[in-house]
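Dear colleague,

Please find below the structure that I am handing over to you. I would be grateful if you read the notes that follow with the model open beside them.

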Amino acid sequence: MESPFEILGIDADASDEEIVAAYRQRVKEAHPDQGGSAAEFQRVRAAYEELQQGYQPDALDVADAVDQTTNGESDGTDDPATADAREPSGPHIEYLNFETFSDHGWDLGDDDLFEKAAAADLAPEDYGVFSYDDGRNLLQSAEDCGYSWPFACRGGACANCAVAVVEGEVEMPSNHILSQEMVDRGIRLSCISEPISDELKVIYNIKHLPGLDDLRLPPQQFGGAND
Ligand code: FES
């Protein structure tokens, strides 16, 4: 497995300044808007987080490095499937795009949606896992990892950013537009809701569900916001 240093393209004895500079460069290159991908963006971000948390190479990493140096052979981490399998180590959010449901005949009420999604070989923007930082709401957390989730006002005044929380807990400090019935069904506004459990499963892009569709705002008036 590639070490965080290798992912950022720096030596294992890099200084803090070199790590930050490499991260800033790599995260720009990896961003989906710059020709990268959400998975690569997430991989770079996870590597930086590991270094921030005091990552130390273990014996296995050292052995791998020696093996690659002496044999000139890859350990398989160039395979995107292997790289994408890197799981976040901290609190994380497992997400699923509601717009994939019709293609697969899934229903929001299905018990095993996430198991089916995991087996369906969906694109990274439609299904996956990302880690989140304290103090960031759901929408920001997704964007931090390079994902483009829908939104308009970013202030709790529309339903463009609505998500369905299937497992785990989020805190939504205020609610002026969702009915109690929607809240009871686990619907939250991602732009004002913060995760408060270590593991969360959410379905995003549910803005066209009956009831929510009527609460949407046109994204254009918010200066290029993503719908
Ligand atoms: S974007 Fe309008 S409530 Fe979140």
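Two strands are said to pair if DSSP finds at least two bridges between them. With that term in place, glutamate 94 can be located: its bridge partner is valine 129, in E2. The strands E1 and E2 run antiparallel and are joined by 5 bridges. Please keep in mind throughout that this is a predicted model.

**Overall content and confidence**

The protein chain contains 9 helices and 7 strands. Of its 227 residues, 30% are buried. Among the contacts with a separation of 6 or more, 68% are between residues 24 or more positions apart.

The average pLDDT of the protein chain is 81, and 73% of the residues score at least 70. Confidence is highest in E5, at 98, and lowest in helix H5 (residues 80-84), where the mean is 39. Over residues 65-86 the pLDDT stays under 50, and the model has 14 contacts beyond four places in sequence for that stretch. Where pLDDT is low, the predicted coordinates should not be read in detail.

**The sheet**

In what order do the strands of the open sheet lie? The order is E2-E1-E7-E3-E5, so that 5 strands take part, and the pairing is mixed. At the edges are strand E2 (127-131) and strand E5 (187-189), each of which pairs on one side only. From one strand to the next, the twist averages 35°.

The remaining pairings can be followed across the sheet. E1 and E7 are parallel partners, with 6 bridges between them; here isoleucine 93 has leucine 200, in E7, as its bridge partner. Strand E7 (residues 199-204) also pairs with E3, in the antiparallel sense and over 4 bridges. Valine 165 stands opposite valine 202 in E7. Strand E3 (residues 162-167) pairs in turn with E5, again in the antiparallel sense, over 3 bridges. Two bridge partners in E5 may be inspected: isoleucine 187 for alanine 164, and leucine 189 for alanine 162.

**The nonpolar cores**

The largest nonpolar core has 34 residues, of which Ala162, Val163 and Val202 touch the most other members. Strand E1 (92-97), H7, H8, E3, E5 and E7 each supply at least two residues of this core. There is also a second, separate core of 9 residues, which includes Ile10, Ala30, Val44 and Leu51.

Which residues does valine 163 contact, leaving aside its neighbours within four places in sequence? They are Leu138, Arg188, Ser190, Val202, Ile203, Tyr204 and Ile206.

**Serine 141**

Serine 141 is found in helix H8 (residues 138-144). Is serine 141 buried or exposed? A residue is buried if 20 or more other C-beta atoms lie within 10 Å of its own. Serine 141 has 24 other C-beta atoms within 10 Å and is therefore buried. Not counting residues up to four places away in sequence, serine 141 touches Ile93, Tyr132 and Arg136. Histidine 92 is 49 residues from serine 141 along the chain, and their C-alpha atoms are separated by 9.8 Å.

Most residues other than glycine have a negative phi. Two residues with a positive value deserve a look.

- Aspartate 121 has a phi near 55°, although it is not a glycine. Its place is in the loop between helix H7 (113-118) and E2. Aspartate 121 counts as exposed because it has 7 C-beta neighbours inside 10 Å, and the limit for exposed is 12 or fewer.
- Arginine 154, which is not a glycine either, has a positive phi of about 60°. Its place is in the loop between H8 and E3. With 18 C-beta neighbours inside 10 Å, arginine 154 counts as partly exposed.

Yours sincerely,
A colleague

How values were computed
Residues numbered from 1 in each chain as written. Predicted model: local features only at pLDDT ≥ 70, side-chain atom pairs only at ≥ 80, totals over all residues. Axes fitted to C-alpha atoms, helices over the stretch in contact; angles between N-to-C directions. Contact = placed C-beta atoms within 7 Å. pLDDT = per-residue confidence, 0-100. Core = buried A, V, L, I, M, F, W, Y, C linked by C-beta atoms within 7 Å.
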